[in-house]
Amino acid sequence: MKKLRNEIWTGFSRVYTGKNIVKKRGRCLSYSDLDDIENVSVIVREGKIKAVLPTAKVGASLRKGLKKIDGQGAALMPGLIDSHTHLVFAGDRAGEFGQRCAGVTYAEIAQQGGGILTTVNATRLASQKMLLDLAVQRVKRAQSFGVTTLECKTGYGLDFETELKCLRVVDQVRKIFPEMTFVKTAMPHHAIPQGVSRETYFTESLQFLSRLHKESPFEAVDIFVDQCYFTHQDLKKLAAWAKRARVLLKVHADELVCTGSAGLGAKLGAVSVDHLLKISDPDIRQLAKSNTIATLLPGTALFLREPFAPARALLDAGARVALATDFNPGSCYSLNLPFMMHLGALHMRMNPAEVFAAVTINAAAALGQKNRGAILPGFIADFTALPVGDSGQASFEQVLYHMAW
Ligand code: NIG
Ligand code: FE
């Protein structure tokens, strides 16, 4: 949906404002916190929500100069936010997927020099134009799922030139889709290139990170802390760099094995720690005490044939949870955020209000985005219209109910 300037959004069967969820700051939500109001109109002035008020009260003077957007019975909610994607890469890994289906594990493929490094080779060889064409197709697909804000990580370059090429692709994508919001995350710390030691690569890449930031400024950095990838020590050094550069810190934490990186990320002030398939109980408590968002990626668990992250334990402890796709060629080849919401609701036992928060204000917080993720005065006018189902009704539950709509 477009973020248009001066408009009146009317004729929606219901509007989900997210008011109670904002009041509770996205934590400890019950189903009844998912509030919807009928017969209201949303007034947008200069891209911001000015008022949400009963349609009957919108007189001619209030409508003046506003373009009318007619919902035709759809439901309106804040724009869906996919807060974790690896958008820019070349090629796919269908061959390796075939091997995985025949019994070879993700880790075994990586140890044989495949996995992330397969995509690194393809991405290094691809021109910026080829990468842009692929990214544009992917953004269109995300849009078709109602996504209006997309985080885009690099991480398939692992050298200065290729990482910069990928950051520049996101800069171009931003210009092509002005109606959407993109958050750029640099992730040269995604894997260790062939033929170098982790120590050498980490030192080198920390140096080129500053140059990358100068050439194509990004909002966040991310690091994959896991067995055979980066260490706690590396995470601490990157956190110090991020603080100096005033860039947000994100962590791929406790995905393949439990390393305690979720808790450390929270202590270091990471804006989000993501994956958490193997998070420990003390780290769940640590996260619940912090403002760090626990970003869960159910598509990845499904694709890796791993148990889902312990969403219920995190939510019951009081953590703020987001849901995202983790779109990437190796561990989740899908941009279908509504499908992730379905998995969150049904298989991770998140109630509808928790799922709503997970793709609106909690996802916004995971990207350091203020005033986004609710339909309330002062918030950015950014909406997703939810289609009418077979019953003739449009609702948030319809989205959860449809399996891969
Ligand atoms: O988020 N964990 C690291 N990165 C990706 C997988 C990348 C790949 O296999 O290409 C993830 O799961
Ligand atoms: Fe990821």
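Two strands pair if DSSP finds at least two bridges between them. Strands (E, at least two residues) and helices (H or I, at least four) are DSSP runs, numbered from the N terminus. The structure described here is a predicted model, in which local features need pLDDT of at least 70, side-chain atom pairs count only at pLDDT 80 or more, and totals for chains, interfaces and linings use all residues. Residues are numbered from 1 along each chain as its sequence is written, chains are lettered from A and ligands numbered from 1 in the order in which they are written, and side-chain values use heavy atoms, with hydrogens and water left out.

Strand S4 (residues 40-45) and strand S5 (residues 48-54) run antiparallel. Six bridges join them. Valine 42 faces valine 52 in S5. The two strands form a hairpin, with two residues between them. Glutamate 46 sits in the turn and has a positive phi of about 50°.

Strand S9 (residues 147-153) is joined to S10 by five bridges, and the two run parallel. Here cysteine 152 stands opposite lysine 184 of S10. S10 also runs parallel to strand S11 (residues 220-225), through three bridges. In this pairing, threonine 185 is opposite alanine 220 in S11. Nine of the nine residues of S10 are buried, so the strand is largely enclosed by the rest of the structure. Buried means under 20% relative accessible area, exposed means over 50%, and partly exposed lies in between (1.4 Å probe, protein chains only).

Side chains of opposite charge can pair when their charged atoms come close. A salt bridge is counted when a side-chain nitrogen of Lys or Arg lies within 4 Å of a carboxyl oxygen of Asp or Glu. The structure holds 17 salt bridges. Aspartate 171 lies in helix H7 (residues 160-176) and lysine 184 in strand S10 (residues 181-189), so the pair ties together parts that are 13 residues apart in sequence. Lysine 184 is buried, at 1% relative accessible area. Aspartate 171 is partly exposed, at 23%.

A second salt bridge links two helices. Aspartate 234 and arginine 198 meet with an N to O distance of 2.7 Å. Aspartate 234 belongs to helix H9 (residues 232-245) and arginine 198 to helix H8 (residues 198-215), so parts that are 36 residues apart in sequence are tied together. Aspartate 234 counts as buried, at 4% relative accessibility. Arginine 198 counts as partly exposed, at 22%. Elsewhere, Arg14, Asp36 and Glu38 are joined into one network by salt bridges that share partners.

Another salt bridge stays within one helix. Lysine 129 and aspartate 133 meet at 2.9 Å, N to O. The two residues are four apart in helix H6 (residues 128-144), and about one helical turn separates them. Lysine 129 counts as exposed, at 53% relative accessibility. Aspartate 133 counts as partly exposed, at 35%.

The model also holds a metal site. Donors are N, O and S atoms within 2.8 Å of the metal (3.2 Å for Na, K and Ca); water is not among the atoms, so sites may look incomplete. The iron ion (ligand 2) is coordinated by His84 (NE2), His86 (NE2), His252 (NE2) and Asp326 (OD), at 2.1 to 2.2 Å. Along the chain, these donors follow the spacing H-x1-H-x165-H-x73-D. Histidine 86 lies in the loop between strand S8 (80-82) and helix H3 (94-101), and histidine 252 lies in strand S12 (residues 248-253), so the pair ties together parts that are 166 residues apart in sequence. Histidine 86 is buried, at 2% relative accessible area. Histidine 252 is buried too, at 3%.

Histidine 86 also contacts ligand 1. Polar contacts are pairs of N or O atoms within 3.5 Å; within protein, one must be able to donate a hydrogen and the other to accept it, and residues adjacent in sequence count only if both atoms are side-chain atoms. An N or O atom in the side chain of histidine 86 is 3.4 Å from an oxygen atom of ligand 1. For serine 331, the corresponding distance to an oxygen atom of the ligand is 2.5 Å. Histidine 190 places a polar side-chain atom 2.7 Å from a nitrogen atom of ligand 1. Taken alone, ligand 1 exposes 330 Å², and the protein buries 100% of that. These areas come from the Shrake-Rupley method with a 1.4 Å probe; for residues, only the protein chains shown count as cover.
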